[in-house]
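User: Hi, I'm new to this one and would like a walk through it. Could you show it to me before we start?

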Amino acid sequence: MADDTGPRPVDPDVDVRVPRQRRELAGAPWAVPIAISLGGAAGAVARHGAEVAIPYEPGTFAWATLLVNLSGSFLIGVLMVVVTDILPGSRLLRPFLGVGVLGGYTTFSMHIDDAQRMLLAGAAGPALAYLVGTAAGAVVAVWAGTRVTAAVFRTRMPAGNDPVDAP
């Protein structure tokens, strides 16, 4: 969709069953799925690389999955500041990086599967630590990503949007 200022960013979470949201795709119906697909492929390759670099046996602590989910959460925090405050007019940045790359990179479903395998292997304590540590770590990582990005780009932040100055 375009206006006097040029194309607007595309919301990758468009529900095509809702006519008002479906209109967002009118200007570029294929751009969003292509951006998401390309980003998802890149993210999946990066995750596979992490799993190859840090292998683990089923039922043991899944360090690669933990690393992927925490680093991906940090990058989600970075991306949210970038798309909302630094480059708000970047049309396909959020679909490509947020939904595509980071959606393909992070794997919270595998996190649950890893924990279940640890439980079945008799490692209840590590499984619980893994479940709680990943969830809490992901929240902290998103927070850290927003804070670090806001601090780095402080001079480019709109007045009142600086999360570093927030109470």
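Analyst: Let's begin with confidence: pLDDT is the predictor's confidence in each residue, from 0 to 100. This is a predicted model, where local features need pLDDT of at least 70, side-chain atom pairs count only at pLDDT 80 or more, and totals for chains, interfaces and linings use all residues. Residues are numbered from 1 along each chain as its sequence is written, and side-chain values use heavy atoms, with hydrogens and water left out.

User: What is the mean pLDDT of the protein chain?
Analyst: Of its residues, 83% reach 70 or more. The mean for the chain comes to 86.

User: At roughly what angle do the axes of helix H2 and helix H3 cross?
Analyst: H2 covers residues 31-53 and H3 covers 63-86. Arg47, Ala50 and Glu51 in H2 meet Ala64, Thr65 and Val68 in H3, contact being heavy atoms within 4.5 Å. Axes are lines fitted to C-alpha atoms, for helices over the stretch in contact, with angles from 0 to 180 degrees between N-to-C directions. The H2 and H3 axes come within 8 Å and cross at roughly 145°.

User: Which residues does UniProt list for "binding site"?
Analyst: The entry is unreviewed. UniProt positions are in the numbering used here, feature names are shortened, and annotations may be inferred rather than shown by experiment. With that in mind, the residues listed by UniProt are Gly103 and Thr106.

User: Is Gly103 buried, partly exposed or exposed?
Analyst: Gly103 lies in helix H4 (residues 93-105). Buried means under 20% relative accessible area, exposed over 50%, and partly exposed in between (1.4 Å probe, protein chains only). Gly103 has 42% relative accessibility, so it counts as partly exposed.

User: And Thr106, buried or exposed?
Analyst: Thr106 is found in the loop between H4 and helix H5 (108-120). Not counting residues up to four places away in sequence, Thr106 touches Arg47, Val68, Asn69, Gly72 and Ser73. Its relative accessibility is 12%, so Thr106 counts as buried.

User: Why does Asn69 count as buried?
Analyst: Asn69 has its place in helix H3. Beyond four places in sequence, its contacts are Thr106, Thr107, Phe108, His111 and Thr134. Asn69 counts as buried because its relative accessibility is 0%.

User: How far apart in space are Val83 and Leu97, C-alpha to C-alpha?
Analyst: Val83 is in helix H3 and is buried, with a relative accessible area of 13%. Leaving aside neighbours within four places in sequence, Val83 is in contact with Pro88, Leu93 and Arg94. Val83 and Leu97 are 14 residues apart in sequence, and in space their C-alpha distance is 10.0 Å.

User: How much of residues 30-49 is helix?
Analyst: UniProt's unreviewed entry lists residues 30-49 under "transmembrane region", along with 61-83, 95-112 and 118-144. The end C-alpha atoms of residues 30-49 lie 29 Å apart, and 0% of the span is strand. The helix share of residues 30-49 is 95%.

How values were computed:
Helix = DSSP H or I, 4+ residues; strand = E, 2+ residues; numbered from the N terminus.
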